[in-house]
Amino acid sequence: MMMYIVFIMSVIFVISIVGVSSKPSPIYGGLGLIVSGAMGCGIVFSFGGSFLGLMMFLIYLGGMLVVFGYTAAMATEQYPEAWISNKVVLGGFLSGLVVEFLMVLYVLWGEKVSFVFEFNGLGDWVIYDVGESGVFSEEIMGIAALYSYGTWLVVVTGWSLFIGVVAIMEITRGN
Amino acid sequence: MNPFISIMLLSTLVLSTMIVTISSHWLFAWIGLEMNMMAIIPIMMKKPTPRATEASTKYFLTQATASALLMLAIIINLMYSSQWTIMKLFNPTASILMTMALAIKLGLAPFHFWVPEVTQGIPLTTGLILLTWQKLAPISILYQISPSINLHLMITMSFLSILIGGWGGLNQTQLRKIMAYSSIAHMGWMTTILLYNPSLTMLNLLIYIIMTFTMFTLLAQNSTTTTLLLSQTWNTMPIMTTFTMLTLLSMGGLPPLTGFMPKWMIIQELTKNESLLLPTLMAITALLNLYFYMRLAYSTALTLFPSTNNMKMKWQFYPTKQMTLLPTAIVLSTMLLPLTPMFFILL
């Protein structure tokens, strides 16, 4: 039963990402990202990564997407393009839907739902949680280790994000 | 650009290539490549003309696609080897994907289409950075995964690059596009020998960087971007015509100039590995490259190209542009051939 819930979540994940990549206006793309982010978090939850899933909800959906939504709302046009207002977008969305539907049929009829989640058996492939200690969860301890052993990684990622913002400001400056 | 921002972006460019070359974790190498791409985009858009915007967009799209493919290859490698160390890849799918991703980053055929258009849309010195510094990071990764690269894929891509670099440059009059096709061809030579003797890839890269640096600095002296402008250098700075001719002949791979050294070593190494048809074909198609270098040298130094009469009487000013390292670079790119045994240190 649990496997089917995760399977349904992954199907909704793919459908909403198809909705993003069929290029509607950014506001509707943000809607697709929210749904796909939530479903992705659900899949991470199902593998036991409770902390990482909640972290993603908080930071990605509750921080980054909120900011994206506000800026897209500020820069939007009067009649933004939705999935049904333009034949190109609708065509892209429908072709993605058809392919996903065919895959769902193949998985369900071939009784291969467990095959889709074969990596469920590779315990530490999604969440590193099969460490030898039975006392604490390595997943959460990994995040703590990021700030102690992984200081250089924090510096590099922080600098690269900063450079990303600087690059975007420089490009959009204009003169 | 604000000098503070300019220093930050240039130092990030250096830092990112250093991160890619010294890291032992695949994620770090990927982060380095992304930082590299982010840092060079505003440098390419220093003058925000539509041409530069188009060039930056094309560069960004191709490099981002390549980074995504690289990440996929890294994750497939993780699945089959359960470790993140940068060493040979443990799965043929990962190896093929990563080779193609790095080929997109370098501009090897059949992923070469972005190189001439991006090089044409940006200023000369930025084109220099694009064609020399930006090649260091992907080649360092290719060097590290070289034991697991599929031979057929690599040789196909590199021979195709030599062909396309030679043929594509034949119809060009814009010097930046010529340099771009020259870069494609040289990348082809470099990646041919990668699976037989990676030290020669490094040698070829070093000599190529020296020669391209010399060429771009010579071009940037007079801001010449077309063959027509280059053919008027006899009037403003006559000594430049000699230097340009020598550097072009060196890039074409003629002995006794430096550019002969990597080609000689590569052909020798390939014949030692009992492949005879490939180096023959490579040497023959390098003649295409030599033809358009010769055409440039001819119109610059050996003939007076047709021009209007008032172009023939320019006032000869003292040069005010600083010729950074130009004499050193010219000597290095023409006279290094007798020092070939010295490159034993690269092994």
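The model is a predicted one.

Starting with the interface, 19 residues of chain B touch 17 residues of chain A. Together the two chains bury about 1600 Å², and carbon and sulfur atoms account for 86% of that area. Salt bridges don't feature here: the count between chain B and chain A is 0. Polar contacts come to 1 residue pair, with both residues at pLDDT 80 or more. On the chain B side, α1 (3-22), α2 (26-44) and α3 (50-81) each put in at least two residues. The largest share comes from α2(B), with 7 residues. Sorted by class, the side of chain B that touches chain A has 17 nonpolar residues and 2 polar ones, with no charged residues.

Within chain B, helix α10 (residues 198-222) turns up in both of the helix pairs described here. Take α6 (residues 124-132) to begin with: its axis and that of α10(B) come within 10 Å and cross at roughly 175°. That angle is over 145°, so α6(B) runs roughly antiparallel to α10(B). From α6(B), the residues involved are L124(B), G127(B), L128(B), L131(B) and T132(B), and they meet Y208(B), I209(B), T212(B), F213(B), F216(B), L219(B) and A220(B) of α10(B). This contact has 9 nonpolar and 3 polar residues, and no charged ones.

The other partner is α7 (residues 136-145) of chain B, whose axis also comes within 10 Å of the α10(B) axis, with a crossing angle of roughly 170°. This pair is therefore roughly antiparallel as well. Here L136(B), I139(B) and Y143(B) of α7(B) meet P198(B), S199(B), T201(B), M202(B), L205(B) and I209(B) of α10(B).

Most residues other than glycine have a negative phi, and most peptide bonds are trans. The A109(B)-P110(B) peptide bond is cis, with omega near 0°, and P110(B) sits in the loop between α4 (92-106) and α5 (114-121). Another cis bond, also with omega near 0°, links P255(B) to P256(B). P256(B) belongs to the loop between α13 (238-252) and α14 (260-272). Finally, E274(B) isn't a glycine, yet its phi is positive, at about 60°; E274(B) lies in the loop between α14 and α15 (277-302).

Methods
Residues numbered from 1 in each chain as written. Chains lettered and ligands numbered in written order. Predicted model: local features only at pLDDT ≥ 70, side-chain atom pairs only at ≥ 80, totals over all residues. Heavy atoms only, no water. Contact = heavy atoms within 4.5 Å. Buried area = accessible area lost by both parts, 1.4 Å probe. Salt bridge = Lys/Arg side-chain N within 4 Å of Asp/Glu carboxyl O. Polar contact = N/O pair within 3.5 Å; in protein donor to acceptor, adjacent residues only side chain to side chain. Helix = DSSP H or I, 4+ residues; strand = E, 2+ residues; numbered from the N terminus. Nonpolar A, V, L, I, M, F, W, Y, C, P; charged D, E, K, R; others polar. Axes fitted to C-alpha atoms, helices over the stretch in contact; angles between N-to-C directions. Parallel < 35°, antiparallel > 145°, perpendicular 65-115°, else oblique.
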